Amino acid sequence: MLKNTVEWKAKKAAMDRTSQDMKGIWKLPLAAVRSSAPREDVTGASLAGAFETVLGVGSEALVDSVKKCFASLFDYRVFSYMSTSDTIGGDNNTDEDPYKPAFATVVMEMVDSDMAGVAFSVNPINKLVVDY
């Protein structure tokens, strides 16, 4: 039933195009499939790292990796953390219903890098923390 909807067909077409791009124009035909959710970083709590990330994904495993990443939204540890933190009912800087899931998977081209990392900084004027 779901596979006959316009929404499903559009998502499937996008995954098919990405799979073709991986084979044709990406320098390294591997992807990183990651999460993106409004509540990953909110005031007083962080879900960063709670959702699944799949690295080194070939085009044949793209659909299964997207499903695996999306399924992590319903993982016990995510619900457990959310129930004891400010990610539900807290200051999430959005007007959305805190009990309605908002989640996306992102497919990114993997690159052959020498190093990687995350940088944190503080704005000296307003003392806001910025991450890169």
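1. Two strands count as paired if DSSP finds at least two bridges between them. Helices (H or I, at least four residues) and strands (E, at least two) are DSSP runs, numbered from the N terminus. With that in hand, look at V33: its bridge partner in β4 is V54. Strand β1 (residues 31-36) and strand β4 (residues 54-57) pair in the antiparallel sense, over two bridges.

2. A quick word on the model. It is predicted, so local features need pLDDT of at least 70 and side-chain atom pairs count only at pLDDT 80 or more, while totals for chains, interfaces and linings use all residues. Residues are numbered from 1 along each chain as its sequence is written, and side-chain values use heavy atoms, with hydrogens and water left out.

3. Back to β1, which also runs antiparallel to strand β5 (residues 104-109), joined by six bridges. Find S36 and you'll see A104 of β5 opposite.

4. Now zoom out. There are three helices and seven strands in the chain, and along the sequence they follow the pattern α-β-β-β-β-α-α-β-β-β. Of the 132 residues, 24% are buried (under 20% relative accessible area with a 1.4 Å probe, protein chains only; exposed is over 50%, partly exposed in between).

5. Have a look at S19 in helix α1 (residues 6-24). S19 counts as buried because its relative accessible area is 11%. Leaving aside residues up to four places away in sequence, S19 touches S59 and L62, where a contact means heavy atoms within 4.5 Å.

6. Next, the aromatic rings. Rings of Phe, Tyr and Trp (its six-membered ring) pair if their centres lie within 6.5 Å; planes under 30 degrees apart are stacked, over 60 edge-to-face, and the rest tilted. The count comes to three aromatic pairs. One of them is F51 with F103, edge-to-face at 5.0 Å centre to centre and 70° between the planes. F51 sits in the loop between β3 (45-46) and β4, and F103 in the loop between α3 (76-83) and β5, so the pair ties together parts that are 52 residues apart in sequence. F51 is buried at 6% relative accessibility, and F103 is buried at 17%.

7. What about F70 and F74? Their ring centres are 5.8 Å apart and their planes at 75°, so this pair is edge-to-face. F70, in helix α2 (residues 62-71), is partly exposed at 39% relative accessibility, and F74 is partly exposed at 46%. F51, F70, F74 and F103 form one aromatic cluster.
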